[in-house]
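Welcome! Take a moment to look over the sequence and the model, and then let us walk through a few places in it together.

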Amino acid sequence: MTKKRKHQEDFQKVKLKVGKKKPKLENATDTTFKTKAIQIPEQLKEDGVLPTQNRKLNIKDLLSQMHHYSPGVKHNALLGLKDLLSQYPFVIDAHLSNIISEVAAVFTDKDSGVRGAAVHLLQFLASKIRAEQIAPFFPLVSAHLSSAMTHISEGIQEDSLKVLDVLLEAYPALLTDRSSILLKNFVELISHQQLSKRLKSSREKLSWMLSVNPNRRITSQQWRLNVLTRLKKFLQAVVDGSSEKEDEGLQEQKDSPRSVRNPICVSWKVHANNQQHIQLFESGGLRPKINSSFRLRSLASVMDSAEKGLSSAENLKGFIEVIIPLLIECWIEASPAQSAPILGNLLESEYQQLMQQVLSIIHLLWKLTKRHDETYKMELWLRMNYLVDFKHHFMRHFPYSLQETVKHKKKDSCKGNKYCMTPSNSVDHLLLNLTLCDIMVSLASTSTLQVDSGWLDMIRKFVTDTLQDGSKLNSKQVNRLLGVTWRLMQIQQNRVATEPLIKAVYTLYQQRNLLFPVRTLLLKFFSRVYQKEDLRTQRIRSRSKVLSRWLAGLPQQLALLGLRNPELSNQLIDIIHSAAARSNKELLQSLQATASQIYDPLDGALVLLPAEAQRRLVQLVYFLPGLPAGLLACLSRCCIMGRISSDLAATLIGILHMRSSFAGWKCQVQDNSVNDVDYFSFLFSTLIGFSREELTSLQGIRGKPHISQTQLSPVRLYLTDLDQFLHHWAVTEMICHSLSTIPSQSQCFDILQTGICKYLVGLVVIPDSTAGSVLCAINKLLDQACILSENLHKFLASCCYSLLYFLLTLDKEDAEHVQKRDMLWGSCISALALLPRLLRLMLQGLQVSRICREELPVVAQLLRLLMQHGQLRSHMITNEFLVQQIIKDIMTLKSGEVQEQWLTDLHYCFNIYLASHPQGPGPVNAVY
């Protein structure tokens, strides 16, 4: 009984009372939790929020319908995709991978309507998707395209060419990267492999022959024309994608950013002060410029020959061996021998188009062969394998002309014939002949001249006749024509053969109203011929008369052309500069005769053309045989009028100084250097900055705002514009530098003094820039041996006071004239410091009794600044009596009035600086 009671005490039951909560257990688990909202991105939301088109279908619905068995559903899905993507372009980026894969998959669809809708959608997408966006998916697109091109269905093959057109137009670089596969597809579209027991048993390469499919909707010739047209576009994209320049052909080289060579403009003044670094080599310096077409071998070795495509010489040879026989077969079918007997060598339009594509493809392949390292070996290989066939088939009916066969009509004028021949404008038959010429001359060389003389004479005669009657040629025809002409001149370089070709080109060059691209091509051709001949004439002194005549006419053309065509003018200047630097006698004589027109200050090429062309024209002055007075007058006006920059005017002055007898040449100066009298006349006219007629017209101007005048000076200042003043001042500094380099400074000063007294002394109105320039030149040339005349002293004193009065009365808010202050003030102070007589004459002219009372504070301020200036301190002490007398006259006029502050300041300065006679110049300078 006791044990049972104890056991129950250990496990006692807790009695719960009504209305009380059950206590929590000690080992109870907390099952509460919290939740937060999750923001779902746009692409992870439900389908209902995706944009839809007018049929309420979103992008996923439309893409899923692309797998439907019904052609109508797939066609509507493609139309719906175009509608949806045109309304919501942002959907393209979000679903680009799915869109590209689904559209490319229907390139081989059995239904033509579905394929047509796919082509239209692809054309729409090409305008919206950049090349870098589609690049990751382009292998898939290319694979579907290749599958369509090699499909057994003729309709799919035909539509694959439309897909190819879209991709060639939008993504040529991406498409040409897979050239090894696509080129084989092109071949299979028009041919099939010729299988025979002999070929199977031997190790010979499989040959290809043209295929004929009677099931096509179009004829075999039309189908081949379509395929060859796309092949030509594809090869053109391959050629354009190559970064290397062509070695052959004059005009075929295209400008590319990698081939640009920027000229180095050197300022010798800056370079002499070690402020400009000249980088001689483009790959030099701290940051080398990688501007070369060479690549490391390791970059190319990682690719096999199949991935290289036509960039591999082996692959290119293999493709040429396959395609050239097929092209010759196409040519044979379309040649005049296979057409109606009445046509002869006249071609129908369709045949001529096929022949044009054949030659264009061969021409592009020839271009690619010239971009390999072993070009000479490749040319020998081409000549050995294909010259015989080309001569037999291509040159057999050369030259070709085009006539279109039209059915006879009742009201036609050709009543007696079954067919009427009318010229066709849809095909360029001249370009056909020129392409053939370009292909053939590339197979000839100097060593094979005698063997090839027969067909080369035919080409030479055709080229000559075409050039002589080439007034209606376009730039593309002239481009190809000049390329053939250049090649012919390289093959046979004797004067007898080249002179008729140059003469024919010159006949075309003389035609009026030529298009600008045509004129440019002709100029480039003549320039290259001249440079080539100039190298040859170093050994053989015989120049082409036609070329000399062309060079002699260039300066006159430049003078007449002017600003009507700046680009053409730049080309003329470059050629003239090149020939002048080579001392071409005919050109220099013509340039001398037309120099007055080119450098005319009003309407000459120098003042009309842009800055870069002006710089080249200024450089041409150095090469002129003679510099007469009339030409120097024109050059002076060009420097003065501001039509050329101040830096360019300084360059021109420096060039004339180098041509003068004062340049300090150690060797004997040439006889045609600048005459000393004319040279000084040029320097003085440029220093004055205004012509005699302009100075005469200024004398009638009165009053503000153009005139600054004072009653104490007979010289009134004409206030020039700031731009004109700064230009004149920059030119003045160069003139002063040139004058200072003349050995006999005293004689130079006498000439300058005579010119000033003759042309400036006595004038009432003088431009402020002219007055400052004269003072600047006097300061530069003055030395102890120079003696100034009394008239010049009085004139300079009047100019100094007029300039100082103008500066002191200048309104600080007048920003235009405030910038002149430092230059004019420095010139006046320097002249007064160098010429004590000048300061005395100016002080003597300060007769305050003759002026109005408003000018008295200006005179007082001037005296105070002169006394404070350290350089003038000793001279002012010397003229202490004059200064004291002026102050007394001012006090007399102001007697009986309240003394103003400016008068107090004047007394203070006089007592400090003059009355006490301090020894030596003080450190205090004037601050105005």
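Ile459 touches Met395, Phe398, Cys437, Met440, Val441, Val484 and Leu488, leaving out residues up to four places away in sequence; contact here means heavy atoms within 4.5 Å. This is a predicted model, in which local features need pLDDT of at least 70 and side-chain atom pairs count only at pLDDT 80 or more, while totals for chains, interfaces and linings use all residues. Residues are numbered from 1 along each chain as its sequence is written, and side-chain values use heavy atoms, with hydrogens and water left out.

Ile459 is also among the residues with the most contacts inside the largest nonpolar core, together with Ile324, Leu365, Phe390 and Tyr599. That core has 277 residues, and its largest share, 13 residues, comes from helix 37 (residues 790-808). A nonpolar core is a set of buried Ala, Val, Leu, Ile, Met, Phe, Trp, Tyr and Cys residues joined through side-chain atoms within 4.5 Å, and buried means under 20% relative accessible area (1.4 Å probe, protein chains only).

Helices here are DSSP runs (H or I, at least four residues) numbered from the N terminus.

| Item | Value |
|---|---|
| Asn185 side chain to Ser146 side chain, polar contact | 2.8 Å |

A polar contact is a pair of N or O atoms within 3.5 Å; within protein, one must be able to donate a hydrogen and the other to accept it, and residues adjacent in sequence count only if both atoms are side-chain atoms. Beyond its neighbours within four places in sequence, Asn185 is in contact with Ser146, Met149 and Thr150.

Notes:
Buried < 20%, exposed > 50% of the residue type's maximum accessible area, 1.4 Å probe, protein only. Helix = DSSP H or I, 4+ residues; strand = E, 2+ residues; numbered from the N terminus.
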